[in-house]
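Here are my notes on the model you sent over.

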Amino acid sequence: MDGGAPTFSADSAAAAATIAKTETQTPALANGTVKRRNGGNNRTEEAANGVKVMAAKKALHYYSYSRPSFLKWRLQDAVHVATHHWMPCLFAVGLLFFMAVEYTLRMVPPSSPPFDLGFIATRSLHHLLQDSPNLNTGLAFLNTVFVGMQMIYIMGAWLIEGRPRATISALFMFTCRGILGYSTQLPLPQGFLGSGVDFPVGNVSFFLFFSGHVAGSVIASLDMRRMKRQELAWLFDVLNLLQAVRLLGTRGHYTIDLAVGVGAGILFDSLAGKYEEFSHTKLLSRNLCEKVQCC
């Protein structure tokens, strides 16, 4: 909290004064050096003062942290949090709101289809695609082209530019997606509108949770931003949004599949970055050890 320095008791203030006084009297000890004067008498005195400094610091530490943190909060701290950290405050309100929703909501019975807010929002698009098979096929083809763009960029970043992070991230993501998708196999949404040209091409089976379409696009977009390709990244974000709307309209994914796909792309991009850092550190350590052994 930036509401001011923590308030200390009189004992802690005395401990702080002892530290300041003792360190002022023994500048040589504070600077990590010991001066020899008067046959070593000052050395003994400085050593004794050093013990006092350590004891006073321990006392100050005790009095500073002996009370719980919330007992030190003041009105200024609350105002500072509300004005400068409004987003966590908003999340706190959201927590309370959705706790009330969750504990009073009527759960969907096993005999009913899952409730999906995205399906409700795209109901008109679903009816349009249902009545226009050619339009559905055309959008599916364009979506497959977009997936191909993702794959070309991610592989090209490694094979052409020599930057494997996006490829590593995609490998992490699709492996985890396979594990989760097989572990919990969700039912195919009612009214699913498939197409032979939709990716994966050929009306083959696929995992619903989570969306590899969305996650792959996020991985590519994050890599573009690292390389300062802002315009291309924004293009991928817009196409990814349109892709998500289409997938909801065709009932090709539940809303939760798409939302987790965004999070998965961010997560696995971060993990790939940590893997690269670990690999570089390990390689540097190995090279250093080899040089030391050669010397």
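1. From the N terminus on, the elements run α-α-α-α-α-α-α-α-α-α-α-α. In other words, the protein has 12 helices and 0 strands. Keep in mind that this is a predicted model.

2. A few overall figures to start with. The protein has 295 residues, and 29% of them count as buried. If you take contacts between residues at least 6 apart in sequence, 77% of them join residues at least 24 apart.

3. On to the charges. How many salt bridges does the structure hold? There are 8 salt bridges. Side chains of opposite charge can pair when their charged atoms come close. In the pair R229 and E161, the N to O distance is 2.7 Å. R229 sits in the loop between helix 10 (212–226) and helix 11 (230–249), and E161 in the loop between helix 8 (133–159) and helix 9 (165–183), so this bridge ties together parts that are 68 residues apart in sequence. Both ends are partly exposed: R229 has a relative accessible area of 25%, and E161 comes out at 36%.

4. D269 and R165 make another salt bridge, at 3.2 Å from N to O. Here the partners come from two helices, D269 from helix 12 (residues 255–294) and R165 from helix 9, so the pair ties together parts that are 104 residues apart in sequence. D269 counts as buried at 6% relative accessibility, while R165 is partly exposed at 21%.

5. Then there is D198 with R246, whose closest N and O atoms are 2.7 Å apart. D198 is in the loop between helix 9 and helix 10, and R246 is in helix 11, so parts that are 48 residues apart in sequence are tied together by this pair. D198 is buried, with a relative accessible area of 12%, and R246 is buried too, at 6%. Elsewhere, salt bridges that share partners join E161, R163, R165, D223, R226, R229 and D269 into one network. That network takes in the pair from point 3, R229 and E161, as well as D269 and R165 from point 4.

6. Next, the empty space. Rolling a probe the size of a water molecule over the atoms shows where empty space is left. The largest pocket holds about 550 Å³. It is lined by 30 residues, and those closest to its centre are V147, F174, F199, P200 and H213. Helix 8, helix 9 and helix 10 are the elements that give two or more residues to this lining. What is the make-up of the lining by class? It has 15 nonpolar, 13 polar and 2 charged residues.

7. Two peptide bonds deserve a look. F199 and P200 are joined by a cis peptide bond, with omega about -5°. Both of these residues are among those closest to the centre of the largest pocket, and P200 lies in the loop between helix 9 and helix 10. The bond from F209 to F210 is also cis, with omega near -5°. F210 is likewise found in the loop between helix 9 and helix 10.

8. K228 has phi near 65° and is placed in the loop between helix 10 and helix 11. R251 has phi of about 60° and belongs to the loop between helix 11 and helix 12. Are these two buried or exposed? K228 is exposed, with a relative accessible area of 67%, whereas R251 is buried at 6%.

9. L129 in helix 7 (residues 123–131) is buried, with a relative accessible area of 3%. Its C-alpha atom is 7.9 Å from that of L193, a residue 64 places away along the chain. Leaving out residues up to four places away, L129 touches L135, N136, L139, L193, G249 and T250. E276, found in helix 12, counts as buried at 19% relative accessibility, so it falls under the 20% cut-off. E276 and I168 are 9.1 Å apart, C-alpha to C-alpha, and 108 residues apart in sequence. Beyond its neighbours within four places, E276 is in contact with P164 and R165.

Technical notes: Residues numbered from 1 in each chain as written. Predicted model: local features only at pLDDT ≥ 70, side-chain atom pairs only at ≥ 80, totals over all residues. Heavy atoms only, no water. Salt bridge = Lys/Arg side-chain N within 4 Å of Asp/Glu carboxyl O. Helix = DSSP H or I, 4+ residues; strand = E, 2+ residues; numbered from the N terminus. Buried < 20%, exposed > 50% of the residue type's maximum accessible area, 1.4 Å probe, protein only. 1 Å grid on protein atoms, 1.4 Å probe; cavity = no way out; pocket = protein on both sides within 12 Å on 5 of 7 lines; lining within 4 Å. Points joined across faces, edges and corners; volume = space filled by probe spheres on them. Nonpolar A, V, L, I, M, F, W, Y, C, P; charged D, E, K, R; others polar. Contact = heavy atoms within 4.5 Å.
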